[in-house]
Amino acid sequence: MALSLRSIGLLALGLALAAGCGSPAPAAAAARPRPATTSAEPTGPSPSPSPSPSPSPSPTASPTPTPDPTPSPTAASSADLAGQRIVYSYPGTTPPAALLQRIREGRVAGVIFFAENVGNDPFVLRNAVDQLRQAEQQSPHPRPLLLMTDQEGGLVRRLPGGPAQSAKDVGRAADPTAAATRTGGEAAATLSGYGLNLNLAPVLDVYRTPGDFADSAQRSYSTDPATVGKLGSAFIKAQQTAGVAATAKHFPGLGSAPAGANTDEEPVTLTLPLDQLRAVDERPYRDAVAAEVKLVMLSWAIYPALDPAHPAGMSGTVVREELRGRLAYRGVTVTDALEAKALDPVGGTSKRALAVAEAGVDLILCSARDVAQGDQAAAALASALDAGDLDREAFTASATRVDALRDSLK
């Protein structure tokens, strides 16, 4: 939120989080109490007890009623389809009534959380998650919301808890694979403790020089693409085995970005040759695809070797040809933060959402902590569908992938 949503530098403990979904942030204080680990599933009204059956000479078992099938996505309205591809966010610690209503309508794919949603009481987020899940159960066709955050480890942790080790720490450990496996499990445990089911991690960027963009916040495992792929896959497997979906980011790679080249703050163009982009930056994604990573987040940088005109997350060449075609990825794709300043030349929220949908990215990460942002993106998509400006079959295929991901989680 996609990952996937990025300020650089080692941030002092206690500073407020940066706005972008992938920007580094200080770890929360370890002294905070851990939240309760009871199930986040809402408790509905207890069913009326069935009366004991009257004795009968030859009781005949009643056939089990066949539940009404969930309507095919092809039968869904444009507004419903659009909402199934939007990840919302909200300010403060209380889910707004407008967001709860969108969820009850079945027009929200998920919600991304930041430190401001946790507040000073670790039980606040748990209570918010309960409200969101209760609304989810009231939707026409209930399925688990995608409840996500960035819990990479080290400096980038939105929730109190592990992993305390950064990716760079893992790469320098005595047994890096064991460390990657442990941190993946720790991330899953932290998210599960709050009722979340999707982590916008791990980062698979292959950094180049000490202090560059990926290395400055210790978000990269190594300068060696094979090592990054191996450790990232260990994190992915451990986390997903524990029931929390993983996100590999930021495809096709931000490892060559110099210090200060932050897509949260400005447009970034990475002019490396195609052979280097594929041999180094895309290399870890082969391992992630083999590890069955559930999501891949697209970068907002421009890669002229692939598409000189569009950021990766708005490029059909990158999404359809490179990621889905060349790397044979079949899972869910997600944008980085839609409000990133790298996209200022594209226009406002509506134009950004349309460009993402045209490129074939499945989930749109509206992480500005403003429900109106998600509403605006959804309205633009629905209008374009009704007007025939977006291909309904391709759009529906994206919504179907998202629904399948939701059905696979709790």
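I worked on a predicted model, where local features need pLDDT of at least 70, side-chain atom pairs count only at pLDDT 80 or more, and totals for chains, interfaces and linings use all residues. Residues are numbered from 1 along each chain as its sequence is written, and side-chain values use heavy atoms, without hydrogens and water.

**Entry 1: H8 and H10.** I looked up how helix H8 (residues 225–241) packs on helix H10 (residues 283–290): the angle is about 25° and the axes are 8 Å apart. Axes are lines fitted to C-alpha atoms over the stretch in contact, with angles from 0 to 180 degrees between N-to-C directions. H8 and H10 are therefore roughly parallel (angles under 35 degrees). I then listed contacts (heavy atoms within 4.5 Å). On the H8 side I found Pro 225, Ala 226, Val 228, Gly 229, Lys 230, Ser 233 and Ile 236; they meet Arg 283, Pro 284, Asp 287 and Ala 288 in H10.

**Entry 2: aromatic pairs.** I searched the whole structure and got two aromatic pairs (ring centres within 6.5 Å; edge-to-face means planes over 60 degrees apart). Tyr 90 and Phe 113 have ring centres 6.2 Å apart and planes at 90°, so this pair is edge-to-face. Tyr 90 and Phe 113 lie 23 residues apart, each in a loop. Phe 251 and Tyr 285 are also edge-to-face, at 5.0 Å centre to centre and 90° between planes. Phe 251 sits in strand E7 (residues 247–251) and Tyr 285 in helix H10, 34 residues apart.

**Entry 3: burial.** I checked Phe 251: buried, at 0% relative accessible area (buried means under 20%, with a 1.4 Å probe and protein chains only). Tyr 285 is buried at 1%.

Definitions and conventions: Helices (H or I, at least four residues) and strands (E, at least two) are DSSP runs, numbered from the N terminus. Angles under 35 degrees count as roughly parallel, over 145 as roughly antiparallel, 65 to 115 as roughly perpendicular and the rest as oblique. Rings of Phe, Tyr and Trp (its six-membered ring) pair if their centres lie within 6.5 Å; planes under 30 degrees apart count as stacked, over 60 as edge-to-face and the rest as tilted. Buried means under 20% relative accessible area, exposed over 50%, partly exposed in between (1.4 Å probe, protein chains only).
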